Amino acid sequence: MNKRLQLVLGGFLAVIIGAWLAFRPEPRPNLRIAINNWPGYEFLYLAHVKGFFHNNGLDTKILEYSSLNDLRRAFERGQVDIMASTMIEQIVSRDKSQRRAQALIVSDYSDGSDVVIALKGISSVKELKGKRVGFEAGTVGIVLLKLALEREGMSISDVSTINVPQDDAILEELRSGSLDAVVSYPSVSFKILKGVPSQVIFSSKDIPAAILDIISADESFIRENPQAIESFRKAYFQALDYAKENQEESYKIMAARENISLAEFRQSLESGIVLLGKDRQSEFLRKGGIIERVAPAIVSALAATNAVQSNVDISNLSNSDE
């Protein structure tokens with residue numbers, strides 16, 4: 001090939017490459033979203049499978065964790081970008097790592113789904129005195145138990161607390177008689193109530209809006225990816241709206257992922273959880289809002305079992321312009 005032809009071909013190739021670089025699609029942000037089995041988090045999965053994230057320019061990956069502690073640790077290590085959890089995991093992650101989780105969305109609050117379940121023969125929280133109560137340490141279980149005991153003039157020291165993962169193991173501990181009561185939530189709570197003679201003796205319905213579920217990201221990630229965060233919020237609320245208009249289809253999709261029946265999923269959403277739409281975010285996220293007001297009580301409950309230090313930083317827990 002002569003030199004002149006090489007120059008012509010080289011120039012032609014340069015034009016082609018330049019045109020491709022100029023008009024190629026922008027790389028899609030890749031968001032790794034961590035969820036745990038809780039009906040209120042399933043709308044993230046719905047947004048993923050129905051393409052709402054994709055339609056808003058996001059490439060998302062849903063990562064499921066069997067426990068909230070595992071989910072939190074993945075967030076602390078930077079293995080996920082978005083964390084669906086309670087406020088407890090948000091605060092513990094601040095105590096255990098350099099990451100500063102900020103709430104982007106308050107997805108729901110528990111209105112009966114978080115429960116204290118006791119074996120038959122124990123019919124009230126007062127009767128837990130001296131009994132063995134199991135829950136997953138450093139999670140919502142300690143907060144619910146502490147608030148339940150305080151309503152009866154009791155404290156955590158009045159019971160024997162035992163760390164048990166929120167999975168099938170907790171049911172086996174009850175069956176074997178190693179535990180007298182547990183703190184649980186769907187879908188595990190459904191298995192417990194079906195699998196061993198027991199009843200609910202306290203629930204989050206007794207403490208309205210105290211147990212908040214949030215969707216959060218690290219403060220620096222939010223700052224560095226404003227467009228992705230805006231698109232994420234938009235897609236999430238599109239999923240909520242879609243579920244309202246297409247309830248049967250949406251509930252089937254979400255119930256199947258949780259491996260529970262459609263009836264159980266419907267029950268947990270409609271009688272145990274209050275979903276929070278776009279119109280209610282401000283009352284929770286704004287400065288002086290509900291998140292800011294409930295945080296000190298959560299820290300107190302966690303510090304009582306040495307899950308966090310009492311001086312853990314709880315400033316700027318929400319990402320809000322208000």
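The axes of helix α2 (residues 42–49) and helix α10 (residues 226–245) come within 9 Å of each other and cross at roughly 95°. Axes here are lines fitted to C-alpha atoms, for helices over the stretch in contact, with angles running from 0 to 180 degrees between N-to-C directions. The model is a predicted one, in which local features need pLDDT of at least 70 and side-chain atom pairs count only at pLDDT 80 or more, while totals for chains, interfaces and linings use all residues. Residues are numbered from 1 along each chain as its sequence is written, and side-chain values use heavy atoms, with hydrogens and water left out. Helices (H or I, at least four residues) and strands (E, at least two) are DSSP runs, numbered from the N terminus.

On the α2 side, the contact (heavy atoms within 4.5 Å) is made by F43, L44, L46 and A47; α10 contributes F232, A235, Y236, A239, L240 and A243. These residues divide into ten nonpolar, no polar and no charged, where Ala, Val, Leu, Ile, Met, Phe, Trp, Tyr, Cys and Pro count as nonpolar, Asp, Glu, Lys and Arg as charged, and the others, Gly among them, as polar.

We can turn next to the aromatic rings. Rings of Phe, Tyr and Trp (its six-membered ring) pair if their centres lie within 6.5 Å; planes under 30 degrees apart count as stacked, over 60 as edge-to-face and the rest as tilted. By this rule the count comes to six pairs. W38 and Y185 form an edge-to-face pair, at 5.9 Å centre to centre and with 80° between the planes. This pair links distant parts of the chain, 147 residues apart: W38 lies in the loop between β1 (30–35) and α2, and Y185 in the loop between β8 and α8 (188–195). W38 is buried at 4% relative accessibility, as is Y185 at 7%; buried means under 20% relative accessible area, exposed over 50%, and partly exposed in between (1.4 Å probe, protein chains only).

F232 of the helix contact also takes part in a stacked pair with F53, at 5.4 Å centre to centre and 10° between the planes. Here, too, distant parts of the chain are linked, with F53 in helix α3 (residues 52–55) and F232 in helix α10, 179 residues apart. F53 is buried at a relative accessible area of 1%, and F232 at 0%.

Now for the sheet. Five strands form an open sheet of mixed pairing, in the order β7-β6-β8-β5-β9; two strands pair if DSSP finds at least two bridges between them. β7 (160–163) and β9 (198–203) stand at the edges with a single partner strand each, so one side of each is left without a neighbour in the sheet. The twist averages 30° from one strand to the next. Strands β5 (residues 115–119) and β8 (residues 181–184) run antiparallel and are joined by four bridges, and the bridge partner of A118 is A181 in β8. Helix α7 (residues 168–176) packs on the sheet, touching β5, β6 (132–135) and β8, and its direction makes about 165° with that of β8.

A181 is also among the residues touched by L128, together with V116, I122, V133, D158, V159 and I201, not counting residues up to four places away in sequence. L128 is found in the loop between β5 and β6 and is buried, with a relative accessible area of 0%. Finally, the buried residues of α8 are V188, S189, F190 and I192, and they pack against β5, α7, β8, β9 and α12 (262–272).
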